[in-house]
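The sequence and structure follow.

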Amino acid sequence: MYFVEVILPLSLAKTFTYSVTEAEFHYLKIGMRVAVPFGKSKIYTALAIELHQNKPVLYEAKEIHQILDEKPIVTKIQIAHWQWIASYYMCAIGDVYRGAMPSALLLESETLISQKTDSFIDTSLLSDDEFLIYEALQQQSSLKVQDIIAILNKKNIFPVIQKLIDKNILVLQEEIQESYKPKLVRYVRLHPKYDSNQGLNDLLEILRNASKQKEVVMRYFQLSASEKKAISVKKLVEQSKSSPAIIKALIEKEILEEYFLQQDRVTFNGQVSKKQLQLSEEQNNAFVAIKERFLHKEVCLLHGVTSSGKTEIYIKLIEEYLKTDKQILYLLPEIALTTQLVGRLQNYFGNKVAIFHSKYNNNERIEVWTQVLNNSDKAQIVIGARSALFLPFNNLGFIIVDEEHEQTFKQVDPAPRYHARDAAIVLAHSFKAKVLLGSATPSIETYYNATSGKFGLVALSKRYGNVLMPNIELVDLKDKYFRKRMTGHFSDVLIVEITTALSLGEQVILFQNRRGYSPIIECITCGHVPHCQQCDVSLTYHKHKNQLRCHYCGYSMAKPTHCQACSSVELTTKGFGTEQIEQELLSLFPNSKTGRMDQDTTRGKYGFEKIIDSFKNREIDILVGTQMLAKGLDFDNVSLVGVMNADNMLYHPDFRAFERTYQMLTQVAGRAGRSEKQGKVIIQTYNPEHNTIQQVTFNNYEAMFTEQLYDRKIYKYPPYFRIIKVTLKQRDFERLKAGSIWLYQVMSQNLEMPVLGPEEPVISRIRNEYIRTIVIKIPMNVSLVNTKIAIQKMLNSFEAVSQYRAIKVTINVDFY
Ligand code: ADP
Ligand code: ZN
Ligand code: ZN
C-alpha cells in the first residue's frame, strides 16, 4: 500500500491521506501538485507533502486522480514555513496554501473559466481536447471546471486547462473583475521604412523645412545611440525641449511610431548605469556598520531619518549579495510604491529585478513564481508586497523590509493573519539569510528588539546632502478659533506659509486623515444623524457626488434634503475630510492648481500614478491627501507640509494610537524639503502641549519610544506581552452576547493571564453582523505553544455548543 499526504486548499487544519499506485509513489516528489477528489463529487488541487505507507485509521483513503507536475513547484523550505505560519498564527494549513499560491495553480472543480476576450486564436494549433473546450466557450461565456470534465468525459483535465491558461487563451473568471491595470508608458521608435541609409536620406529631405520636427528626430537618434533602450515620449519631449504636439505630428506623418509598454514589466534592454553610486560618508559608515552587525546578528534595523538615503544603502547591500549569486527579496508596504522604486533599482540591476504582488494577473504571477523556483537571473531581486514572501526561493540571501513599521505588513483578512516582517525573519532563518529592517519611525517592538540586543541597530541621523530636517511649527487651534484667525479650517499662519511657498514656485502638501466632505451630517432642529442601515457608523457626506456613504460596507444614498426624523430642512455638517479642504482651497487660492489623493480619487485605472505624476511634473501646486501621502514618496519641490488636524489620530481607542500618530506625522513631515532647502511643517492641533506632538516637533523618537515603552509595561502590551485578539461575529445580537460571555468565562477561568472582554468595539456592527472581541495577553515568560493549544481546545468546545455554532470566530495573533 502506498500513500501520499496532501494539503487541500480549504480552510482545514488537517492534512489528508490518498492512495497512489507503486509507480506513482516512485514518481511523486514532495512539493508536486496532485488532483484529488474530496467531498461528494469535488476535485481539488492538493499539494504532496509526504510519501508514506501508513494506512489512515479513520477513513478509507481515496485514490488520487492525477499527478499535475513533472517536478516540484513548491520547496520543502516553503512547506515548513507555511506550517510555521499555520501554527504561529493559529490558522489552517489549507488557508496558508490557498493564500500562497497563484490561483491558476489551484484549479478545482468549482473554478469558473472563460475565454480571454482580446486574444486571437488559431484553432488549427489546438489539440482535440483544447478545441472541444474552446468550442464550448463559443456557446457559453464561462464554464466550471466540472462542466469541462463532463464535456471531455474524463477526469484528468487540469493540465489541459492549465495549458490553455498558459497560452493566454483562457482566464479564471475571478480575474475578469480585477480592476488593477498597471500603468502603460508611451514610447516611440523610428518608422521601419526609414531604417536603411536610403531611408535616412529620404527622411532628412522630408524634414528639410520642418526644423522643429527635425530637431526632435536628431535628438531621437542621439538618445537611441547613447542609451540603447526604449525612448519614452516623455523623455523625448524633455530632452528635445519640444512639445507633445510635435511628437504627435511626427507620428501622423509616419516618421515615428508609437507603442505602449507596461511600466513595471518593461524588459530593461538598456545599459545598466555605469555611474557608480557614491554613498556619502554617513551612508558609507552605516553601510559598513550593517555588514559588521550581520557578522553576529541575523536581523538589523536601519533607523534613518526621512530622506537620509536608506534606499541607496539597500542598493549597495543588494550589490554585495548579487556577487554571491543569492536571491534577494525587497518587501514594500504598498503596491503603489513599486513603480517609483523599480525604476531606481533597474538603473543599477537591469533585468534582474522582478515584481510580484497580488494584483498581478495569473500569468504574470506564475511567470515570476517559475523564475524564482528555477533560480533564474530574471528574478534574482524580487520586489513585492507581503505576499512575495510565499515565492519558492531556494537560495535566498537577503531580505529588506522597507518601512517596517507599516501596518499593512500585517494581513487582517482573510487567514492567514500573518505579519510579513515577522514571517520574513523566520523565513530568512531557514536560509541563514540576513534581514534588514528600514524605517525613520520604527515600530516599538522592533526598536525594543534592536536596543535589547536581539537585532543589530544602525542609525542615520542626517538627511542626504546635509539638507536640514524640516522645521516644525505648531498652531494652537483653540487659540486661533477664539481669536477668529481661522478661515474655514485654515489658520492665518498656514495661509501665510502657503502663500509664500506658492509665490516661490514651490509645492505644498496638506494632510487630513479623513476622506469625503464631512463624516457627520446633523439636523440642527432635533440632532438626528443619518447612520448606515447595516453598520454602526454615521454616513460620510461626499459633496461632489451629493451622496452619503458608508466607509465600511460601501452603502450609499442621495443626500437627503430634509431630516429623516423631524423633516427639518436645516442640516449642518460636523468634522471635515479631504474633499472639504480641497473645496476651501478653491476660494482661498483660486489661481493655484489643487489635487487630491485619497481612496476616492485613486480608485480608477491609473489613479494613484496619475496623481503622483502630475504632482511630480508640477501640474499640481497643492496636493491634499490622507495617509497615502505618508508612505515613502520622494518629491523634490515640496517646501511646505500642512497637517490640518493632528488630533483625531491621537484619540483612537487603541494602545498604538500615540505610536501611530508619531509615525504618521513624522512621515508626512518628512515629505517636506527633501532637496537643498530646509522644509517647513505646520501642524494644527488642539493639543500643542501633548507629549506625542512635542516629540514629533523635536524629532525625538527616543522620547516617544521611552514613554510608550513605559505605558506598554504598565498596561501589559507588546513588547512585554503578546496579544491574541478573538473576534466573534453574528447577526443575532442576543446569541452573540451569550456566546461571547461563555467563551470569555471559559478563557478567563482557564488561562492564568489577563483576559479582557467581551468588549463591544467602537464600531460594533458591520454589514449587519454584530461584533464582540476578547483580548488575551500572554506574558513573555509563559509558553506560547501551550497557551495556544489551550486556546484551541476552548475554541473547539465552543464550537461544540450547538447554539453557538453559527457564531464566526476569528483569531488574530499579534494583533496590530
Ligand atoms: P529615505 O528612503 O531614507 O527617505 P531616499 O533613499 O529616498 O531616502 O533618499 C532621499 C533622496 O536623496 C533621494 O532623492 C535620493 O535619490 C537622494 N540620495 C540619497 N543618497 C544618495 C546618494 N548617495 N547619491 C545621490 N543621491 C542620493
Ligand atoms: Zn431633525
Ligand atoms: Zn455600512
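Is Cys563 buried or exposed? Cys563 has a relative accessible area of 3% and is therefore buried (under 20% relative accessible area; exposed is over 50%, partly exposed in between, with a 1.4 Å probe and protein chains only).

## Basis

This is a predicted model, in which local features need pLDDT of at least 70 and side-chain atom pairs count only at pLDDT 80 or more, while totals for chains, interfaces and linings use all residues. Residues are numbered from 1 along each chain as its sequence is written, chains are lettered from A and ligands numbered from 1 in the order in which they are written, and side-chain values use heavy atoms, without hydrogens and water.

## Zinc site

The SG atoms of Cys523, Cys526, Cys563 and Cys566 coordinate the zinc ion (ligand 2) at 2.3 to 2.4 Å (donors are N, O and S atoms within 2.8 Å of the metal, or 3.2 Å for Na, K and Ca; water is not among the atoms, so sites may look incomplete). The donor residues follow the spacing C-x2-C-x36-C-x2-C.

Cys526, in the loop between β24 (520-523) and β25 (540-542), and Cys563, in the loop between β27 (556-558) and β28 (571-574), are 37 residues apart and link distant parts of the chain (strands are DSSP runs of E, at least two residues; helices are runs of H or I, at least four; both are numbered from the N terminus). Cys526 is partly exposed, because its relative accessibility is 41%.

## Arg421

Arg421 lies in helix α16 (residues 420-431). Its relative accessibility is 4%, so Arg421 counts as buried.
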